[in-house]
Amino acid sequence: MHNVFFIDRADQTLSSAWVVPLALLLLLFSSSSLAAAIAVTDDADNEVRLPAPAERVVALAPHAVEMIYKVGAGASLVGVIASSDYPTEARSLPRVGSYRGIALEAILAREPQLVVAWGSGSPQAVIERLRSLNIPVYISEPRQLLDVADNLRELGRLTGRAAQGEAAAQVFEQRLVELEQSLGRSPRVFYQLGANPLTTLADGHIVTQVIRHCGGQPLFAESPVLVPQIGRESLLDAQPDVILAASENDAWQADWQRWTILPAVQQQRLYTLEPDWISRPGPRLIKAVEQVCLALGSQ
């Protein structure tokens with residue numbers, strides 16, 4: 001015997017009446033899902049997609065930690081690397097490694113919904129393994145000053161703090177405009193990265209962009225390698241007007257005092273920069289810009 005279903009006209013009318021509301025509900029559900037999804041492009045030109053803002057984030061660089069706090073998402077951080085010491089709250093966060101090495105197992109134990117990696121500092125093998133496990137990875141590698149603002153915006157979006165990220169980015173950009181200076185004669189600037197051997201930074205590094213933003217001419221910027229080693233003879237030929245170095249104190253300046261043939265030494269234009277400000281391409285980089293602009297602008 002076959003089952004036979006009867007639908008009277010009243011039931012048919014009632015069923016038809018639900019078609020439109022159900023369709024609207026489905027449309028609204030679909031729209032809300034699309035609205036919650038997030039897609040940004042990181043500094044390595046990779047698209048990073050999240051179904052919803054990340055509530056558990058691991059950051060593999062101190063500057064990324066600072067950015068996440070700056071956009072108001074510090075509470076989402078569940079893992080960082082050992083040198084993450086700013087702001088103070090970051091010092092108590094679980095460590096997943098250091099510059100010497102990052103433990104994949106430690107990252108996975110934190111169950112991150114997003115990992116923020118440093119393009120030139122995080123092990124590529126770890127990044128690839130995370131991606132193979134379908135864990136979204138955002139590569140942060142600011143090379144231009146405005147890249148810092150872009151990172152703030154994107155990390156704000158990825159953590160559900162789009163408004164805070166936009167506000168932080170605009171403050172950074174406005175301060176850059178205020179600090180930019182053009183000097184009558186661009187001083188030749190040598191940035192000392194290492195003393196023995198003597199090294200500096202070339203184009204492609206954000207420190208070089210800071211010097212240019214402040215009206216200086218960064219020496220050896222045209223080098224084909226990012227961190228060139230400089231011979232003393234080459235530096236003597238370059239005749240720097242200003243020498244900059246990041247250090248906790250001015251002790252490094254003593255080594256230059258015998259090089260009286262250099263204009264920078266003759267005029268005592270050797271300036272010490274706060275290490276964390278100039279070495280971390282995060283929101284406090286603007287303080288390094290202030291330091292450099294003040295140094296180059298002083299005569």
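A nonpolar core, as I use the term, is a set of buried Ala, Val, Leu, Ile, Met, Phe, Trp, Tyr and Cys residues joined through side-chain atoms within 4.5 Å. Buried means under 20% relative accessible area, exposed over 50%, and partly exposed in between, with a 1.4 Å probe and protein chains only.

This is a predicted model, so to speak of conventions: local features need pLDDT of at least 70, side-chain atom pairs count only at pLDDT 80 or more, and totals for chains, interfaces and linings use all residues. Residues are numbered from 1 along each chain as its sequence is written, and side-chain values use heavy atoms, with hydrogens and water left out.

The chain first. Of its 299 residues, 45% are buried. It has 11 helices and 14 strands; these are DSSP runs, H or I of at least four residues for helices and E of at least two for strands, numbered from the N terminus.

Now the core. The largest one holds 54 residues, and Leu-77, Leu-158 and Leu-244 touch the most other members. Helix 11, residues 285–297, gives the most to this core, with 8 residues. Contact here means heavy atoms within 4.5 Å. Leaving aside residues up to four places away in sequence, Leu-158 touches Ile-38, Val-40, Val-48, Leu-50, Pro-53, Ala-54, Leu-114 and Tyr-138.

Two of those, Ile-38 and Val-40, sit in strand 1, residues 38–41, where they point to one face and are buried.

What does strand 1 pair with? Its partner is strand 2, residues 47–50, in the antiparallel sense over 4 bridges. Two strands pair if DSSP finds at least two bridges between them. Thr-41 has Glu-47 as its bridge partner. The hairpin has 5 residues between the strands, and Asp-45 takes a positive phi near 65 degrees.

Next, an open sheet of 4 strands, order 4-3-7-8, with parallel pairing. Strand 4 (77–80) and strand 8 (137–140) are the edges, each pairing on one side only. Strand 3, residues 57–59, is joined to strand 7, residues 114–118, by 3 bridges, and Val-57 has Leu-114 as its bridge partner.

Helix 4, residues 124–132, lies across strand 7 and strand 8, at about 150 degrees to strand 8. Helix 5, residues 145–158, packs on the sheet, touching strand 7 and strand 8, and makes about 165 degrees with strand 8. Axes are lines fitted to C-alpha atoms, for helices over the stretch in contact, and angles run from 0 to 180 degrees between N-to-C directions.
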